[in-house]
Amino acid sequence: MNKLIISAAVAASLASSAGAVSADEIKIGVFLGLTGPLESLVANMAPGAETAIAEVSASGKLLDGTTVQAVRADTTCIDAAAASAAMERLITVEKVAGVVGGDCSGVTTAALTNVAVPNGMVMVSPSATSPALSTVEDNGLFFRTAPSDARQGVVMSDIIMDRGFKEVALTYTNNDYGKGLADAFQAAFEEAGGTVTINTSHEDGKADYSAEVGALAAAGGEILVVAGYIDQGGKGMIQSSLDTGAFDTFVLPDGMVGTALPEAIGPDLNGSFGQAPGTDSAGAGMFNELAEGFDSTSPFAAESYDAAALILLAMQAAGSTDPQKYKDTVMDVANAPGEKIFPGELGKGLEILAGGGEIDYVGASNVELIGAGESAGNYREIEIKDEQLTTVGYR
Amino acid sequence: MELLNALALLSNYVLVPALAYGSQLALGALGVTLVFGILRFSNFAHGDTMAFGTMVTILFTWWFQSMGIHLGPLPTALLAMPFGILFCAAYVLATDRLVYRFYRSKRSDPVIYLIASVGVMFVTNGIVRFIIGPDDQNFADGERFIIKAGEFKKLTGLSEGVSIKLSQGITVITMFIVVALLFWFLNKTRSGKSMRAYSDNEDLALLSGINPDRVVAITWILAAALATIAGTLYGLDKSFKPFTYFQLLLPIFAAAIVGGLGNPLGAIAGGFVIAFSEIMITYAYKRVIAYLVPGDWVPDGLIQLLSTDYKFAVSFVILLLVLLVRPNGIFKGTGV
């Protein structure tokens, strides 16, 4: 009884502090790895999602003035059990109407299949890129504003072919991300007429990679594709290859792109190239102006904003906050036809939808959903020149 | 020419790395074998003692670097190593005072020591992570290579290069110096002789007036010095991360047991046996063979006996084989 009184009092005080809005209040889960290997990226992703939520809430145009509150939960990035428990809490205790997340492919799959699908909850992930998520049994509840690595494999293959390399060695970090990307790339590269001399894994967190490099060198290849992590085995593989003179040019996918790599390796890395998600669309610049207190150019920050915006716009289009109803309108608001909506224009988008019009949400990351509801993918081609990461084009 | 190319290739990927790795294992195994021979227990905390000594060395290295003290082409860590040894010795003496002395006074079974050392291992591991963090630490400076693969190719006109890192050279040279000093100490000095006497027969040594506390203290100091040197060399050559030092425990113990626990000569031999087996069994010989046989005999496969993922398994298998066939090790040790 006491608890009931206290919770009633707390609820009342929350309601009064939220203002005099009489309409409903809904919650959106921000389900990202606040701790764990991705925490440095999540520091910019979570505020990105919350910026979109605050923008919609402040506009007062969502479903006759419904306000929206963000609730954070931790995926840990690596612990599937902890992530599923956190998702359970979001749905049963916080009673969220939609979830932005998760971040890493493994925990996202676990939370989706164990908790979100049985409970009929919509998840929009900004950063899970495993190709396996394209075909997962999701009852139409899962979307992502990040592209599948199957797409990255094709882009990477194109970049390598355009530079005239036909024979590559390939090593990947031994997890869902590395394996998925490596297999996607090998399929695309061989279809385009190239040869992958060896496709082998490396473990993260080892002190010495000379044995792994020895095997790669024995197989041969003009260049080495390193589908690993920048501060883990990926760096070790590159360093060891340079030390033994096994390879001198490297292809760097998204997990390896960062300023920390040229800083750590030095001038030997010059001439290596790769790609990371990125776009030169107008939306990125507009998102930059919106960003307060976080770095909007950090990887997946723009995708996080777009993930939250998509959920809320889809609710407006469906006229309901029920996931079972608005899951069908997500693709409609994301794609043409309709008026193009950029970051900072969510209020305008809500208004058009309320009037029965159509929108094509472009957002900060040039959103275009294809297939089972995943971003078509825009990539920034990079090259290391004079120990600096330089952008040479967009694909 | 083809033969020389094959040899260069083999040196670059097998001989040079295995020599350096073998030296590091040998130094580590010497520490384990010394503690086993004199204190009569398997010290599972040795890997983390290495991490502790290396950590102190790294902290001093950073301090020296910030003050602008350098050794020219040599890594500053060599200058910091004596301080690492000092702190590490103080640390192991403290653990002896707090943990092992209690069991020694009760004349406990070796297995009780062993379990106590597992406890010390976890505590040391925690202390190291707490002070320096669980991540990779970079402390190497000075020149990186004695000879680069590209330079070697130009110099010799071969199509295969051999690169020798400065850290690999330093490792092998330091190993020889340390081993020579250790054997001189054990065989020629009074303290060394009293240690060997204590190891051979504790009661007889006590009767002839050898001070057991002194022998134990010297053993710990030597073990700490060996651990710090091995750890620092490993960190310079590869990288420092507390967890990898914990993982080193297996190959180090394998080396000590293969050589014969309690036998210093065996520890050195064991270190090289383990290092060469680990690297030779997981190396892919395709290109070496390509140099040695006529063109159309070249195999399609990699000619790799075991994937590199199974590197640690090699230590296990050798360990099992030795325990089955020669339980006392290649050189006669005390036995397990």
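In which sense do strand S10 and strand S15 of chain A pair, and over how many bridges? Keep that for the second stop.

This is a predicted model, where local features need pLDDT of at least 70, side-chain atom pairs count only at pLDDT 80 or more, and totals for chains, interfaces and linings use all residues. Residues are numbered from 1 along each chain as its sequence is written, with chains lettered from A and ligands numbered from 1 in the order in which they are written.

**Stop 1: the two domains.** Select 23-148 + 281-375 of chain A for domain 1, then 150-278 + 379-394 for domain 2. These bounds come from an automatic or database domain assignment. The C-alpha centres of the two domains lie 31 Å apart. Their contact takes 11 residues from domain 1 and 9 residues from domain 2 (C-beta atoms, placed from the backbone, within 7 Å). On the domain 1 side, select helix H4 (105-119) and strand S5 (142-147); each supplies at least two residues. Helices (H or I, at least four residues) and strands (E, at least two) are DSSP runs, numbered from the N terminus.

Stop 2: Select residues 273-277 (S10) and 379-385 (S15) of chain A: they pair in the antiparallel sense over 5 bridges. Pairing requires at least two DSSP bridges between the strands. Pick A:Gln275; its bridge partner in S15 is A:Glu381.

**Stop 3: the hairpin turn.** S15 and S16 form a hairpin with 2 residues between the strands. Centre on A:Asp386, which takes a positive phi near 50 degrees.

Methods:
Two residues are in contact if their C-beta atoms, placed from the backbone, lie within 7 Å.
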